[in-house]
Each structure stands twice: as structure tokens, then as C-alpha cells.
Amino acid sequence: MASAENKTDIKKVHILGKDAIHCGFHLIPYIVETVLGTLSSSAYVLITDSNVAKFHLDTFKDEFTSQIASKSLQTRFITHIIPPGETSKSREGKAAIEDYLLKHACTRDTVILAVGGGVIGDLVGFVAATFMRGVRFVQVPTTLLAMVDSSVGGKTAIDTPHGKNLIGSFWQPEYIFIDAAFLETLPPREFSNGMAEVVKTAAIWNEDEFAALESRSSEIFAAIQTPSQNNAGRDLASRSAAQHLLLQVIVGSISVKAHIVTIDERETGLRNLVNFGHTIGHAIEAVVTPQILHGECVSIGMILEAEIARQMGILSQVAVGRLTRCLKGYNLPTSMHDHRISTLSSSKRLTPDRLLDIMKVDKKNSGPAKKVVLLSRIGATHEPKATVVPDAIIRKTLCEAVSVVPGTPKHSPISMATPGSKSISNRALVLASLASGTCRLKNLLHSDDTQVMMAALLDLQGASFSWEDGGETLVVIGGQGELIPPPSGKEIYLGNAGTAARFLTTVCALVRSTDGSQSTIVTGNARMKQRPVGPLVDALRSNGVTINYQETEGSLPLQITASSTGFTGGHIKLAASVSSQYVSSILLCAPYAVEPVVLELTGGQVISQPYIDMTLAMMKTFGILVTRRKDESGNLLDVYDVPRGHYVNPAEYVIESDASSATYPLAVAAITGTTCTLTNIGSSSLQGDAGFAKAVLEPMGCTVKQTETSTTVTGPPVGQLRAIGYVDMEPMTDAFLTASVLAAVACRAVTSERTVENAPATTTRILGIANQRVKECNRIRAIIDQLGMWSFARLCCLTDNGAVAAKFGVDTKELDDGLEIYGIDYSSLKEGTSIHCYDDHRVAMAFSVLGSLIPGTIIEEKRCVEKTWPNWWDDLENKVLHQLALKVAS
């Protein structure tokens, strides 16, 4: 054995009193020599599956044959190949192996080698535990999942129709050989499958390890994508930096599990922790296997179990956001709505009832009580074991819809803060990434939108990100505008993130390539492919950027070709009457153009000027001063001069709370006659929506007190909101939905100075919001349909007497630039209304405000709030209403 060890550098991990885990590269000669030299036997039986056999069986055969001959050993080496896949891990599969061993006269001194993934390790380990009342065996895992999880700890088992791993035993292997070179033949999906367990282990135990996984996903993937030649990596002298990183990740994860197993071999408490994500993950897996892999199901399970901890007030949204982003970095699903899951016919069976029923049969349970591993923060758990969680809490997390229970906030006056601004967060990410130096972003929004923005910037290698203060601070090291096209075949997928899509279209125009043969594909989900981006593309094309529509003219997906010079600059004309995001997109990138930019806005009235002003103010903070031209009379023109230059990162940038989101808790106070103070939104805000309280709530009869940094609203008695007649919401277009649901129950007559001519006395006319038709959905139409009549009912679903089936029964009228709402007494609104949200976060949150007054209101698609306020339902129940505010809706 000494000769092989001299040639092979091994990292050993201690478990259960001995150094039984040996890790390295190209270990087959070392494995054979170690087994033959330390585990004397009359027969060595290697069991693998047909997939693994194609890659490694011949090498094992040759090495065993050679070493047995050279050592003149009187022993046999035999092999057995079984079918691949989970179906082999059964009573029948176990019996077939046992019959093979008996047929070949294997005895109690036999040594069995399990060479393969988790199925082989679990199945063969269970055979070893029971054959001849127990024989020695060796684990040689060939997948990352098996290396870091199933091979370590001595758990062996088979599946039954009632669930996974329900029949088995604890049987420790003599050795576990981790040959990371095996991963070079592993498909990328299988590597991601294993990374779920690596992320899990770091999440429960070591925040530093988690932070490294968070920030180095590209490097870790690269470590398996370059096959080693001539056994490179077997010794330290030939081991590459990528191999060092890969082995470090594997050994780090294994070491944690080995430590836990040593303390709690039989899983009486502490070892429960390595089942984080598995309670729900195993239930999901039971429904969607074999199409969805174990690690993919555990990935979803981790997020759902983290949400349970958040719902219980144990875990912050920051931690949930970090976990989600980290898992997505390894191409893992984080939701049952992921297209890999939702497109399966079996996904229809992923109901709360079905999943809870499967969870009844879980080895961690105590009788009927279900146990879940709950995180308290990244790197630590709530208890040193799984925690009993009532079915009602699990069900609330799993359900797709939620019903808001009306009531008065229990602890009025309320004081709270809202999440970071989506608009400012996305701008700050672009600015800090394009800048030079390091910036610490505080109060960054942890949501779907910022996740896709960060992922895209990483794909373009535009910056590096790391976390401090337990995830409260994002450290951005700017790339100074040096962007690289993603690898061939890699698309930048943005879901339904409109801000990210518009901003990144121009960011991708900065990407450079020497020969012009490389390009970047920017795409999104079905709704994003309907949302307009044409005016921005037209402006960039006129400036020399080559952009091709891949499907529908005027919308994503886009193919943006990299050039040797990047963005030309000069005089650019842009139609800005549809979205201010087009304007901000060009402004943010303009300093990096070849020539200074003169941006002239055309096409009529510019929409959402406050958001353009926000962009200019933030650019100034990062070192670029944009000048807006004036005419001879001093009137501002829609022409902006942007100098060439480079952003310089401030040491720290604090992101304001989201003013659009702030409208919801303030509106709950208004509609319930209570008081709410928001501690981080005031008159000095960069956001136009910060004016909502003074412009909308005060005329409705609320008492409003606003300082530079806070806003306090006290609502009138329930049922006493006043209609406000005409209101121009162009400076705060996203807030019109909140105003609309309040206007529905604003039954006091409008004051004389705000009266709308030839309209009822309870009319609220909202104008300046035409751009809301091209948001996540047509929001004007959504408000009209959900307040009044079901859109499909108007077409074909009449009741027996010919009347159209109503929703809340509130009359509305659509206008070219907005809508009118005719308020009625809240007692006249229809109860038990089910709200379709169109996968739009602002529709869901606005109607939850109305649900705090109208009994039985059901919000469908509750998860759409993850775009801007992922923990809205938890905050509504725990902070805003302070009572049992939500119940499961079927």
C-alpha cells in the first residue's frame, strides 16, 4: 500500500473514530491497493450499474487482476451489474443481488464494493448489512450527491410503494473513497443534483462555507468541465486550482456530515439536521420521480421549509433570499412552479393534501406529529434537531391561494419598515457593477427581480458579489464596465422582471467581442415576451447596436451582438411615452459609450418622470453628473447630456425602502381606521410613490403626518373613506392599484373642489396611468375585472336570469389614460370573492388590502408577491394585522 500512497495525495476525513473517508483524484489504483492490503478476503465483489460500468468497470477489473497477481493472493474478484435507476432499489433488487452472491458461494468474509451513485450505495449497503448477518463493504460513490450525502454515515435502505428508504439499517462501510475525477464523466444536471446537498450542509452548519458557495458557483462548475489528462491531480504537484477548489468543496461538506454522524450515528437528534429540505423534498420526490432528481426535490424542499421558518418568525427573508439565490446559481429549481416541474403531468398531484399525506410516513416523525428542520439563520438551525411543526403551518406554506381574515389590527398604532425598493435595488446593482472599486449595498431587496438581475450580471462577468452582516449587506466589486458574452448556448433568463429586462438590454450593448461573432440572448417567461421593448431596441439600433428579435417583433427574446467597440453614443432619440425604464436603461450605460451621449426623448409626454429623476440622482452619487437642458425661458427640456466617464463606487449605499410596497400597510390603516407608521419612507424619498399618503390618503379622509424619513397614516372610522374625484397618479403609477381598492369602498361624497363633472358623487377618477397596461399584466383591466365583473363572464357565462356574474360588484369605467371607480358602502361588496392575480405581485397585495375588510376574499397565486415583497403574507399576519389574518384557501 505504501507505493500507491507515495504517488497519491489523499485528504482523509475522520468519522466514528477512524480515518475512513479518503478523498483525492484518480484513485482506482489506490482504492484497490488499500482494499487488498487491509481487508483480507476470499472474495471481492464489485457491484455497479450499467451506466457506471461503461466508464469505470474495466479499469477496476484490470487493477484488481494486476494487483492480485502481483501480490500472489489466493482470492477471487467478481463483478455484478444491475440496471440503473431508483427502481432497482427495491425488495426485488435486493433479493437478486443476494441470489447472485449465494450462487457464487460468497461467505461471511466477503468484501463488497458499491461503485456508483446513491442507489447503488443504499442498496448494496443494505445487502451487506444482512447477507450472512453482515459482511464488510466499501463505498465508492461516483456522483457528487452520493459523495457528499448518501455514502457518508452508514444509512442503507430500499424503497417501497409507501415511500423512500423505509426499510433499511445502519451499516458502516470500512472505507469511503471519494474520487473527484469520477465527476468529469457526470452530466451537468447530476452535478447540480449533488450541489443541492452541498448547499444544504453549509446552510445548516457553516455560514462561511455558504458564502463561498454563493459567490463561486461559476468557478465550481468550471472545475468539472475541463477533463484532467494523464491522471493530473492524483498528486499535489499536478493538481490544478480548479481541482483544489472542487476537492475543498467536497471535503468541506463531507467533514460536516462526518462530524454530525460521529456525534449521533443512529439519528436520535443532531443527525436530523442533515434532513433539512428532505421532509417536504421527499414528499415531492415521491410524486415526480424519476423525472425530477433527488437533489432537485430537496432544493425545493429547502425553500419551502425555510418559508415555514419565516412564517413562524424564526428566519428572516434575507436568509430565504440568499438560499434561493444560491440554489439557483447551481441551476436548481426552487419552486414547484419551476418549468421543469410544472410541465410534468404528475405535477398536478403536488397538492397540499397529497404532500401532507406522504409526509405522515417520515422516519423523523413522532407519531402523527411532523418534524421539520428549521433554519434560524444561514449556518445555524432553530434547534439541534428537527422541530415539530403543526400541519396547519405546513399547509399554509404549501397552498397556492390564501384567504385574508378581516379584522382590526390588534396592536394599533403599528410601526414597521418595508423591504428595499425594487427600482433602487436594480439601479444600484447596475451602477455598482459598472463602477470601479467596492460598494456595500445595504437594505437590498431580496426578491425574484433582484435575483435575476444579479445572476445576469454574473453571467456577463460584470462584477463579483459577496455577503456580510449575515446577508444584510451585499459587497459589490465593480467590473469597470468590462463585460464578456455568456458561454455559447447560455441565455440570460429574466422571468417576468421588466426592469431587469429593459436595463440589461442596454447593458448587453456594452459587451465587447474582438470578432463580432458572439452575442447575448436575453429572454423571459411568456408574459415578458408580450411586454414591449421596441422603442428601446429602435434607439439602440439607430446607434449601431445589432439587435435581432428572436420571436415577436417588439418583445423579448433578443439577440444582442457584441462588437469590438461596444455602445457608440452620440445623439440618440428615444420614444419615452410608454416606459421610463427605456430612458433609465440608456442613461445608466451612457457614460461607457464611445462618444458623449445626447439623449433626446420624443413621442409626447414622458411617462413617470420621477423614476428618471431617481436614475439621475443615483448616477450623481456614483460619480456621473447628467445635465438636463433648458430652453431660453428656463423651462426643462427632454434632452439630457451624459459625459463619458466611469462610475466610482461609494463605500456604502443604503437603499430606500420600496415606496410602492409601502402603500399597502398604509392602506390597511386607512381601510380599518387604525394607525400605521413606516419608519423608512418620507418626503425626502427618491421615489414618486412616497407621495401616495399626501396625494391619495389625505384627501380620502386620513390623517397624514410625514417627515423626511417617515410617514404616519391614521384612517377614518371604518366605512368613512371619501371619494377623491380626479387624481393624477402619473408620478406614482404603480400605486394606482392601492388607490383603486380603497376607492371601491370610498362611499362618502367627494369634496366640491375635486368633483368630477357629470359623474356620481362617489367617483374617483385616476389618470396618468396608461403605462400600467404593459406591466406584469394589463393592470387597469385587472382592476376593473376583479372589482366588478369576471371578464369571461361578460363573454359567455350568464346566470339563469341573464345577469352577469359579479366579483365584488363595484362599478368601474375604463378610460384612455386610466379609469373611474364608483365607491359603495363596504357592506354591499360581495363576500367570498376569489381574486385572479395574473401572476402580478401588485394585484395580489392591493386586493389583500380589500380582503382585510371584506370577508372571505381569496387571493389566488399567492406566490406572485415574491417579485417585490416575498414575505408579504407573513408580514400581513405578524406585523400589519397582528392576528390570525390568513387561512388556507382551496
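Predicted model: local features only at pLDDT ≥ 70, side-chain atom pairs only at ≥ 80, totals over all residues.
Which residue's side chain meets that of Asp449 in a salt bridge?

Let's begin with the whole chain. It contains 29 helices and 37 strands. Its radius of gyration is 31 Å, close to the 29 Å that the globule rule gives for 890 residues, so the chain is as compact as a globular protein of that length. Of the 890 residues, 61% count as buried. Now consider the contacts with a separation of 6 or more: 76% of them are accounted for by residues 24 or more positions apart.

Next, zoom in on one helix. Helix 20 runs through residues 534-542, and its buried residues include Gly534, Leu536, Val537, Ala539 and Leu540. What lies over them? Among the elements covering these buried residues are helix 19 (498-509) and helix 21 (580-589), together with strands 21 (547-549), 22 (558-561) and 23 (570-575). Just after helix 20, Gly544 takes a positive phi of about 95°.

Now for the charges. The chain has 80 positive and 89 negative ones, and their mean positions are 4 Å apart. Side chains of opposite charge can pair when their charged atoms come close. This structure holds 46 salt bridges.

Here is the partner we were looking for: the side chain of Asp449 meets that of Lys422, at 3.7 Å from N to O. This pair links distant parts of the chain, with Asp449 in helix 18 (residues 448-459) and Lys422 in helix 17 (residues 422-434), 27 residues apart. Asp449 is buried, with a relative accessible area of 2%, and Lys422 is buried too, at 8%. Both belong to a network of salt bridges that also includes Asp658, Asp734 and Lys775.

Other pairs sit within a single helix. Lys200 and Glu197 form a salt bridge at 2.6 Å, N to O, and both lie in helix 7 (residues 188-205), three residues apart, about one turn of the helix. Lys200 counts as buried at 1% relative accessibility, and Glu197 is buried at 0%. In helix 29 (residues 872-880), Lys879 and Asp875 are four residues apart, so about one helical turn separates them. Their side chains meet in a salt bridge at 3.7 Å, N to O. Here Lys879 is partly exposed, with a relative accessible area of 37%, whereas Asp875 is buried at 6%.

Terms used. Residues numbered from 1 in each chain as written. Heavy atoms only, no water. Helix = DSSP H or I, 4+ residues; strand = E, 2+ residues; numbered from the N terminus. Rg over C-alpha atoms; globule rule 2.2 N^0.38 Å. Buried < 20%, exposed > 50% of the residue type's maximum accessible area, 1.4 Å probe, protein only. Contact = heavy atoms within 4.5 Å. Lys, Arg positive; Asp, Glu negative; His and termini not counted. Charge placed at Lys NZ, Arg CZ, Asp CG, Glu CD. Salt bridge = Lys/Arg side-chain N within 4 Å of Asp/Glu carboxyl O.
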